[in-house]
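I set down each item in the order in which I looked it up.

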Amino acid sequence: MQLVINQTEEKCDPAFTTMVEEVSGAGLERCYQCLTCTLSCPVAPDMDYPPHQIMRLVHLGLKQAVLSSSSIWLCATCETCVARCPQEVDILKVM
């Protein structure tokens, strides 16, 4: 899967990444984009950015892309992504 940003020329905001890390305590730095969260997610096909891409957008500090995404609202909070993450990243807390 290729990450395609809908916004043009969005600037990276490292403060956004730091804020999400601090507030969520999800362990974002451990995510290595293995796709397990996306492959486990029952609503990923309906998301504009699947879970692994949301994690990458947060890593990149692309605040506008994350906050304007429907994915953070479509999350079913089923915790399947959290249960299957090999790095024990709490993706649900990011969502």
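**Entry 1: the second largest cavity.** I looked up the second largest cavity and found 13 lining residues, with Cys 41, Cys 75, Ala 76, Cys 78 and Cys 81 nearest its centre. On a 1 Å grid over the protein atoms alone, a cavity is a set of points where a 1.4 Å probe fits but cannot get out, and a lining residue has an atom within 4 Å of a point. The volume of this second largest cavity is about 80 Å³; a volume is the space filled by probe spheres set on the points, which are joined across faces, edges and corners. I sorted its lining by class and noted 11 nonpolar residues, 1 polar and 1 charged. In this sorting Ala, Val, Leu, Ile, Met, Phe, Trp, Tyr, Cys and Pro count as nonpolar, Asp, Glu, Lys and Arg as charged, and the others, Gly among them, as polar.

I noted the basis of these entries: the model is predicted, local features need pLDDT of at least 70, side-chain atom pairs count only at pLDDT 80 or more, and totals for chains, interfaces and linings use all residues. Residues are numbered from 1 along each chain as its sequence is written, and side-chain values use heavy atoms, with hydrogens and water left out.

**Entry 2: the largest cavity.** I counted 2 cavities of 30 Å³ or more. The largest has a volume of about 100 Å³. Its lining holds 14 residues, and Cys 31, Cys 34, Cys 37, Cys 85 and Ile 91 are the closest to its centre. Helix H2 (36–40) and helix H3 (51–60) are the elements that give two or more residues to this lining; helices (H or I, at least four residues) are DSSP runs, numbered from the N terminus. I found 10 nonpolar and 4 polar residues in the lining, and no charged ones.

**Entry 3: the largest pocket.** I turned next to pockets, a pocket being an open set of points with protein on both sides within 12 Å along at least five of seven lines. The largest pocket has a volume of about 160 Å³. I listed 13 lining residues, of which Phe 16, Val 20, Val 66, Leu 67 and Val 94 are the closest to its centre. H1, H3, H4 and H7 each supply at least two residues of the lining, and H1 gives the most, with 5.

**Entry 4: the largest nonpolar core.** Which helix gives the largest share of this core? A nonpolar core is a set of buried Ala, Val, Leu, Ile, Met, Phe, Trp, Tyr and Cys residues joined through side-chain atoms within 4.5 Å. The largest one has 26 residues, and Ile 54, Met 55, Leu 57, Val 58, Ile 91, Val 94 and Met 95 have the most contacts inside it. Helix H1 (14–24), H3, helix H4 (63–67) and helix H7 (91–94) each give two or more residues. The largest share, 4 residues, comes from H3.

**Entry 5: His 52.** I located His 52 in helix H3. Is His 52 buried or exposed? His 52 counts as buried because its relative accessibility is 4%; buried means under 20% relative accessible area, exposed over 50%, and partly exposed in between (1.4 Å probe, protein chains only). The side chains of His 52 and Thr 38 are joined by a polar contact of 2.6 Å, that is, a pair of N or O atoms within 3.5 Å; within protein, one must be able to donate a hydrogen and the other to accept it, and residues adjacent in sequence count only if both atoms are side-chain atoms.

**Entry 6: the cysteines.** I found 0 disulfides in the structure, a disulfide being a pair of cysteine sulfur atoms within 2.5 Å. For Cys 12, the nearest cysteine sulfur is that of Cys 31, 16 Å away. Cys 12 counts as exposed, because its relative accessibility is 53%. For Cys 37, the nearest cysteine sulfur is again that of Cys 31, 6.2 Å away. Cys 37 is buried, with a relative accessible area of 8%.
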